[in-house]
Amino acid sequence: MSSADATEQHRFDHAAIEPKWQRAWEEADVFRIDDDAVDPAYVLAMFPYASGELHMGHVRNYTITDAFARFERLRGEDVLHPMGWDSFGLPAENAAEDRDTNPREWTMGCIETMRDQLIRMGFGYDWEREVTTCDPEYYRWNQWLFNRFNEEGLVSRDAREVNWCPDCETVLADEQVEGEDERCWRCDTRVDSRELDQWMFTITDYADELRDALEEMDGWPNNVRQMQQNWIGRQDGASVEFDVAGYGPVEIFTTRLDTIYGATFFAIAPGHDLAQQLVDEHEAVAEYVARAESDEELPETSGVFTGMHATNPATGEEIPVYVADYVLEDVGTGALYAVPAHDDRDHAFATEHEIPIRQVVAPAESVTTGPGDDDAESGVDTTDESVVDDLDVQQQAYTEDGVLVNSGAYDGLTSEEAREHFVEEFDGEFRTEYRLRDWLISRQRYWGTPIPVVHCDTCGFVPVPDEELPVELPEFVHTTGNPLDAADEWKHTACPECGGDAVRETDTMDTFVDSSWYFLRFISPDAEDIPFDAEHASDWMPVDRYVGGIEHAVMHLLYARFFTKVFDDIGMIDGVREPFTNLVNQGMVLGEDGFKMSKSRGNGVSPVRIIDEYGADTARLFIMEAAQPQKEFAWSPEGVDSANQFLQRVYALVSEFAAGEIETGDGGPVDSYVEEEIDATVVTVSEEFEAFRFNHAIQAVRDLVSLLRQYADHTEPDEDVFERAVFAVTKLLAPVAPHVTEEMWDLLDGDGLVAEAAWPTATKSDEYELGKRLVENTREDIRDIVSVVGIESPSRIEIAVAPAWKHRVREIAAETDGNVIGAVMQHDDLKRHGQDAADYAQDLVGKEHFEAQLSPEDERDALDSAAWLIEREFDAEVAVYSADDAPDDLASKAVPGRPGINIEE
RNA sequence: GCGAGGGUGGCUGAGCCUGGCCAAAGGCGGCGGGCUUAAGACCCGCUCCCGUAGGGGUCCCUGGGUUCGAAUCCCAGCCCUCGCACCA
């Protein structure tokens with residue numbers, strides 16, 4: 001192959017151009033945003049954990065935000081698009097152990113590598129705002145915030161049954177334990193429980209608002225909102241006391257107070273205080289509690305009678321008290337009255353233990369009497385037998401709301417009314433319970449933010465004063481336990497209050513504290529006396545577009561919401577209650593085999609290898625056109641190839657044009673056709689970018705490029721039109737393939753950098769859509785005829801649009817409800833066409849829906865400007881006629897939207 | 001079990017919100033043609049069934065319904081994916 005080959009001259013070498021433009025952007029400070037920018041578009045990707053290598057998931061995540069940020073910038077917006085490092089955490093400690101280094105050095109090395117890889121991908125960040133959470137200049141603010149939270153009463157230290165991961169050797173928050181079998185979110189190890197004194201943020205103070213605000217957050221995916229709602233798990237109910245003879249009052253929580261008359265037994269959790277007391281005196285209870293507390297999996301209906309009885313405040317009845325494992329200690333009060341007729345679990349338990357089942361609620365539709373009617377029992381509507389016959393609470397619990405029966409004076413009340421009444425009647429109170437627990441932030445690890453507290457024997461726990469912050473981590477030492485415990489010199493300090501001997505808290509903070517406010521630090525990364533500038537943050541927040549993985553649906557996203565609300569409440573920010581307006585969870589990048597990329601499967605694809613082989617632009621383009629951001633897709637070498645070829649093709653087109661190798665002249669009607677297509681493409685791409693459907697946007701650009709190639713092949717394109725087209729293509733592609741488009745911009749002698757150019761604008765008319773449809777339909781009709789009739793090679797194709805009077809008839813028909821023919825014939829100008837007009841009107845009788853149509857002139861223009869496509873396709877002469885000029889009776893066969901066609905062989 | 005999201009042509013996947021050129025985009029695969037010495041790449045078509053002039057039939061998980069008209073709206077059922085779950 002000769003190196004002078006024409007196509008060779010119009011190819012680009014990604015390895016040469018990519019670093020060049022990366023430097024150019026940096027030198028021009030393209031991605032910097034001034035502090036005085038007003039309400040910029042805040043485009044953010046979840047910052048990466050500093051693991052050392054970028055993987056395809058990162059690349060996808062950051063390609064999405066980068067393309068969008070570039071798009072916004074081209075549209076003239078100020079854009080805040082920062083990047084930082086989630087860089088505290090256990091993996092760095094493990095790596096340090098394995099490699100004879102320390103977490104800091106290891107982490108800093110990882111950051112260097114990853115930053116370099118981000119740059120090589122062409123991602124444009126304002127690096128002046130880079131944030132690194134393991135830097136004392138960052139984590140000091142975690143400590144400062146801890147003090148503020150403490151002052152606000154949002155910090156607590158309690159002995160609690162906590163999740164302990166034996167592998168990570170630390171406690172975990174509830175959010176960080178996953179699945180039915182309770183595994184650590186990071187290492188998948190089964191989690192134990194331990195009783196420990198731990199520091200907590202009282203996120204439960206915000207449970208209500210965290211839950212309620214979700215309803216309004218329509219910029220978030222439903223599944224994430226649903227997950228948070230489940231997690232918070234609000235239950236509106238009531239608490240009531242039952243007196244247990246020989247023990248005293250026991251409080252229960254229920255959402256179904258209406259069923260209280262049906263309580264036939266009482267159940268408490270093995271961990272409940274009453275059960276614990278009985279352990280000493282009751283052998284069977286002791287044995288059962290021991291089994292429940294062991295790892296043993298007890299049957300769902302297991303339980304043991306305590307020999308004690310509770311008094312139902314509604315009926316005055318004595319009901320037996322059981323210890324049952326299905327009653328959970330940390331749900332409600334750990335005690336409940338059981339109504340087997342109306343609860344599935346109670347029903348199963350009652351059946352197993354031969355406890356009576358008493359119905360107290362009937363389906364509303366089966367009872368004819370209204371609320372307040374005492375005669376409810378006789379009011380069962382026997383005409384609707386199916387409902388009554390189906391309902392046998394001895395067989396199965398009826399768990400829906402309904403109307404009360406067998407409930408003394410309250411029969412006939414609806415469930416809802418009864419719940420209202422009974423609270424007062426039985427001396428209870430309305431109560432809301434949450435599944436959400438306070439956020440346990442203590443971690444028994446080295447590589448995290450030291451909790452800024454010292455313990456003094458005389459003063460107790462004393463916060464480290466702000467002016468002594470940061471409490472910096474001591475040197476890392478290799479030890480079996482927590483290195484902070486081993487750092488004697490660091491650990492022993494003076495009490496800030498009394499000056500006496502004191503010891504530092506050796507627990508560090510959960511790393512999710514770091515990520516709960518990093519998006520605010522980006523706004524004023526150099527702020528010295530405060531974590532972030534209040535005024536600035538109030539203007540720049542919330543984040544407009546946040547993109548990241550679904551794995552943080554509950555953890556990070558819930559904590560960040562909590563922090564934001566606290567900041568607003570303590571005046572650190574003004575009027576920002578939610579941090580992220582629009583959230584997108586990008587889908588997974590699967591391996592070529594359709595499975596999740598993993599080491600064990602060996603189906604991973606390294607971003608660095610793809611950059612080396614094809615270039616960053618190709619990787620970015622492939623990822624963006626493979627699927628919409630929230631959908632998963634499988635890696636495909638063909639797709640990568642196709643992306644690469646397309647970029648080469650576009651580049652070649654521009655390059656040939658720039659080199660004057662494309663003959664220009666007068667393309668006739670083709671010129672205006674192409675012009676319209678350019679406008680249409682600009683409109684589509686803008687809309688699709690905005691809607692985060694990048695694949696559709698790219699498809700539109702591909703179509704335009706393909707059209708331009710045909711344009712140049714078919715005729716001598718108008719120079720201005722062609723130039724406008726290549727400029728538009730360059731800009732439209734720039735957010736996704738930034739390097740090669742800079743190269744193209746350069747060839748075209750564009751001003752400055754395309755990264756800083758102005759996005760093209762255009763409008764698309766209704767006529768355009770109609771014209772496009774007309775052309776498409778006409779082409780299809782021609783293909784149809786040619787193939788059905790079996791015309792080998794057509795020599796001439798004649799097309800004639802319908803006469804104006806048919807358009808008039810159609811218009812009248814569309815407006816007329818009744819006698820279409822009569823209505824048409826009232827018009828003298830149409831009467832002239834006599835039978836023809838009547839016939840066509842007859843065709844339209846009964847037609848209910850009329851599509852919009854072009855005028856005869858517009859139809860003719862649309863077909864005329866597209867005639868060249870038909871000529872190319874059929875290699876035949878094409879003639880487009882108005883009705884008057886058409887030969888023979890060609891136009892008589894035409895109707896609006898459907899020209900007459902004649903094909904000659 | 002509760003909740004969320006789904007089920008579209010050989011595959012993948014848009015459309016569904018806002019019913020109407022929807023036999024249903026794009027891609028992949030397959031077929032035919034062009035270009036080429038040839039292959040690849042590229043370009044142009046075809047790819048549910050029938051049809052010698054643009055026609056007809058069947059079709060978007062299943063079954064009902066609303067409507068002049070349903071892939072699209074409503075009801076019931078079946079199946080899939082995800083989240084939560086012995087939650088009072």
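# Helix 27 and other features of chain A

Me: Which residues of helix 27 are buried?
Reply: Buried means under 20% relative accessible area, exposed over 50% and partly exposed in between, with a 1.4 Å probe and protein chains only. Helices (H or I, at least four residues) and strands (E, at least two) are DSSP runs, numbered from the N terminus. In helix 27, the buried residues are Trp-805, Lys-806, His-807, Val-809, Arg-810, Ile-812 and Ala-813.

Me: What kind of model is this?
Reply: Residues are numbered from 1 along each chain as its sequence is written, chains are lettered from A and ligands numbered from 1 in the order in which they are written, and side-chain values use heavy atoms, with hydrogens and water left out. Local features need pLDDT of at least 70, side-chain atom pairs count only at pLDDT 80 or more, and totals for chains, interfaces and linings use all residues; the model is predicted.

Me: Against which helices do the buried residues of helix 27 pack?
Reply: Helix 27 covers residues 804–815. Its 12 residues reach 17 Å from first C-alpha to last, close to the 16 Å expected at 1.5 Å a residue, where the expected span is 1.5 Å times one less than the number of residues. Contact means heavy atoms within 4.5 Å. The partners of the buried residues are helix 28 (820–825), helix 29 (828–831), helix 30 (834–844) and helix 31 (856–874).

Me: What is the radius of gyration of chain A?
Reply: Chain A has 31 helices and 32 strands. The globule rule, 2.2 Å times the number of residues to the power 0.38, is set against a radius taken over C-alpha atoms. For 905 residues the rule gives 29 Å, and chain A is more spread out than a compact globule because its radius of gyration is well over that, at 37 Å.

Me: What share of the contacts in chain A joins residues at least 24 apart?
Reply: Of the 905 residues of chain A, 55% count as buried. Among contacts between residues at least 6 apart in sequence, the share joining residues at least 24 apart is 75%.

Me: How many Å separate Ser-795 and Glu-287 in space, C-alpha to C-alpha?
Reply: Ser-795 lies in the loop between helix 26 (766–789) and strand 30 (796–800), and is partly exposed at 37% relative accessible area. Leaving aside neighbours within four places in sequence, Ser-795 is in contact with Ala-876, Glu-877, Glu-904 and Glu-905. From Ser-795 to Glu-287 there are 508 residues in sequence, and in space 98 Å.

Me: Is Thr-506 buried or exposed?
Reply: Thr-506 sits in the loop between strand 24 (501–504) and strand 25 (508–509). Beyond four places in sequence, its contacts include Arg-445, Asn-482 and Trp-490. Its relative accessibility is 12%, so Thr-506 counts as buried.

Me: What is the relative accessible area of Glu-354?
Reply: Glu-354 has a positive phi of about 50° although it is not a glycine. Its place is in the loop between helix 11 (344–353) and strand 16 (361–362). Glu-354 is exposed, and its relative accessible area is 73%.
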